[in-house]
Amino acid sequence: MKKKLSKEKLEYFKKKLEARKKELEKALSYVAQKNPANPEDWETVVPDMNAMLSDKNEVADFFEEMENRAAIEDKLEEKLTLVKEAMERIKKGTYGICEEGGELIDERRLEVYPCAKNCIAHAKNYK
Ligand SMILES: [Zn+2]
């Protein structure tokens, strides 16, 4: 049983991860533009919004929209971290190897989920 991905495969997944990283950073910059990085900025905006929006539904929509953006930002950041970690593993030469059992992760799994740290059997122990 082979213990490492071929150079060609590693290069292939590296490119895949780089493309994914660019996508995520682009999406994140879009959300962050409309949702300032400093959360304190929002606090000063909220009381004004109550005065500005006449309809209670508009206020509710406003809060819902903010919550959605925060959730999207969190998700994107989380994914970006996973991509960066996977790229680190490529550098270290541990990419594609199950962190739990040390066996090679199925390439079909990496194809679908290039950030995978574990093989399918071991991934079941994680969320
Ligand atoms: Zn495993």
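Biologist: Let's start simple: in what order do the elements of the protein run from the N terminus on?

Modeller: Keep in mind that this is a predicted model. The protein has five helices and zero strands. Read from the N terminus on, its elements therefore run α-α-α-α-α.

Biologist: Okay, and is valine 31 buried or exposed?

Modeller: Valine 31 sits in helix α1, which covers residues 7-34. Its relative accessible area is 9%, and anything under 20% counts as buried. So valine 31 is buried.

Biologist: Which residues is valine 31 in contact with, leaving aside its neighbours within four places in sequence?

Modeller: Glutamate 73 is one of them. Valine 31 and glutamate 73 are 42 residues apart in sequence, yet their C-alpha atoms are 6.4 Å apart in space.

Biologist: Which element gives the largest share of the largest nonpolar core?

Modeller: That core has 19 residues, and Leu17, Val83, Tyr95 and Leu110 have the most contacts inside it. The elements giving two or more residues to the core are α1 and α3 (56-92). With six residues, the largest share comes from α3.

Biologist: You mentioned Val83. What is valine 83 in contact with, neighbours within four places aside?

Modeller: Val83 is among the residues with the most contacts inside the core, and so is Leu17. Leu17 also turns up in the contact list of valine 83. Leaving aside the neighbours within four places in sequence, that list reads Leu17, Arg20, Lys21, Leu24 and Cys115.

Biologist: Now the metal: what arrangement do the four donor atoms around the zinc ion make?

Modeller: The protein donors are Cys98 (SG), Glu103 (OE), Cys119 (SG) and His122 (ND1), lying 1.8 to 2.3 Å from the zinc ion. Along the chain they follow the spacing C-x4-E-x15-C-x2-H. Their angles at the zinc ion run from 88 to 119 degrees, and four donors count as tetrahedral if all angles lie between 85 and 135 degrees. So the arrangement is tetrahedral.

Biologist: How many residues apart in sequence are the parts that glutamate 103 and histidine 122 tie together?

Modeller: Glutamate 103 is in the loop between α3 and α4 (107-112). Histidine 122 belongs to helix α5, residues 120-123. So this pair ties together parts whose separation in sequence is 19 residues.

Biologist: Last one: how does histidine 122 count at 21% relative accessibility?

Modeller: Buried would need a value under 20%, and exposed one over 50%. Histidine 122 has 21%, so it counts as partly exposed.

Technical notes: Residues are numbered from 1 along each chain as its sequence is written. This is a predicted model: local features need pLDDT of at least 70, side-chain atom pairs count only at pLDDT 80 or more; totals for chains, interfaces and linings use all residues. Side-chain values use heavy atoms; hydrogens and water are left out. Helices (H or I, at least four residues) and strands (E, at least two) are DSSP runs, numbered from the N terminus. Buried means under 20% relative accessible area, exposed over 50%, partly exposed in between (1.4 Å probe, protein chains only). Contact means heavy atoms within 4.5 Å. A nonpolar core is a set of buried Ala, Val, Leu, Ile, Met, Phe, Trp, Tyr and Cys residues joined through side-chain atoms within 4.5 Å. Donors are N, O and S atoms within 2.8 Å of the metal (3.2 Å for Na, K and Ca); water is not among the atoms, so sites may look incomplete. Four donors count as tetrahedral if all angles lie between 85 and 135 degrees; four count as square planar and six as octahedral if opposite donors are over 155 degrees apart and all others between 65 and 115; anything else is irregular.
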